[in-house]
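Visitor: I am new to this structure and would like to learn how to read it. Please show it to me, and then I will ask about its features one at a time.

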Amino acid sequence: MKNTLREERKRKNITQEQLASLVGVSRQSINAIERGKYIPSTTLALKISEIFNTTVNHLFELEPIDYQGK
């Protein structure tokens, strides 16, 4: 899954630490999401999208490999 979280965060001039505090997770979680190492829960994705006043689909995008069984 790709995401535009880093770009949106920088556009709003919000640090990873600030975003983490706003949505109730650790800074490390935000970092892992931005690097594509962690896929957020639906609840967390919705909270993040509310912070940026956008849709989850704008922030997170499925890739072809996400549709393949592992």
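Visitor: Where is the place of Asn 53?

Guide: Asn 53 sits in the loop between H4 and H5. Helices (H or I, at least four residues) and strands (E, at least two) are DSSP runs, numbered from the N terminus. This is a predicted model, in which local features need pLDDT of at least 70 and side-chain atom pairs count only at pLDDT 80 or more, while totals for chains, interfaces and linings use all residues. Residues are numbered from 1 along each chain as its sequence is written, and side-chain values use heavy atoms, with hydrogens and water left out.

Visitor: What is phi of Asn 53?

Guide: Most residues other than glycine have a negative phi, and most peptide bonds are trans. In Asn 53, a residue other than glycine, phi is positive, near 50°. Asn 13, in the loop between H1 and H2, also is not a glycine and has a positive phi of about 55°.

Visitor: Is Asn 53 buried or exposed?

Guide: Buried means under 20% relative accessible area, exposed over 50%, and partly exposed in between (1.4 Å probe, protein chains only). Asn 53 has a relative accessible area of 69% and is exposed. Asn 13 counts as exposed at 67%, whereas Met 1, at 30%, is partly exposed.

Visitor: Which residues does Met 1 touch?

Guide: Contact means heavy atoms within 4.5 Å. Leaving out residues up to four places away in sequence, Met 1 touches Ile 39, Phe 60, Glu 61, Leu 62, Glu 63 and Asp 66. Met 1 belongs to the segment before strand E1 (2-3). Its C-alpha atom is separated by 9.4 Å from that of Lys 37, 36 residues apart along the chain.

Visitor: Which are the buried residues of H4, and why do they line one face of the helix?

Guide: An α-helix has 3.6 residues a turn, so residues three or four places apart point the same way. In H4 the buried residues are Leu 44, Ala 45, Ile 48 and Ser 49. Seen down the axis of H4, they fall within an arc of 135° (taken from the directions from the helix axis to the C-beta atoms), so they line one face. Thr 42, Thr 43 and Glu 50 are exposed on the other side. The buried residues of H4 pack against helix H1 (5-11), H2, H3, helix H5 (56-59) and strand E2 (60-61).

Visitor: At what angle do H2 and H3 pack?

Guide: Two packed helices are described by the angle between their axes and the distance between the axes. Axes are lines fitted to C-alpha atoms, for helices over the stretch in contact, and angles run from 0 to 180 degrees between N-to-C directions. For H2 and H3 the angle is about 110°, and their axes are 8 Å apart. The two helices are therefore roughly perpendicular (65 to 115 degrees; under 35 is roughly parallel, over 145 roughly antiparallel, and the rest oblique). H2 brings Gln 16, Glu 17, Leu 19, Ala 20 and Val 23 to the contact, and H3 brings Arg 27, Ile 30, Asn 31 and Glu 34.

Visitor: Which residues of the largest nonpolar core touch the most other members?

Guide: In soluble globular proteins, nonpolar side chains tend to be buried together. A nonpolar core is a set of buried Ala, Val, Leu, Ile, Met, Phe, Trp, Tyr and Cys residues joined through side-chain atoms within 4.5 Å. The largest one has 13 residues, of which Leu 5, Leu 19, Val 23, Ile 30, Ile 33, Ile 48 and Phe 52 touch the most other members. At least two residues of this core come from each of helix H2 (16-23), helix H3 (27-34) and helix H4 (42-51).
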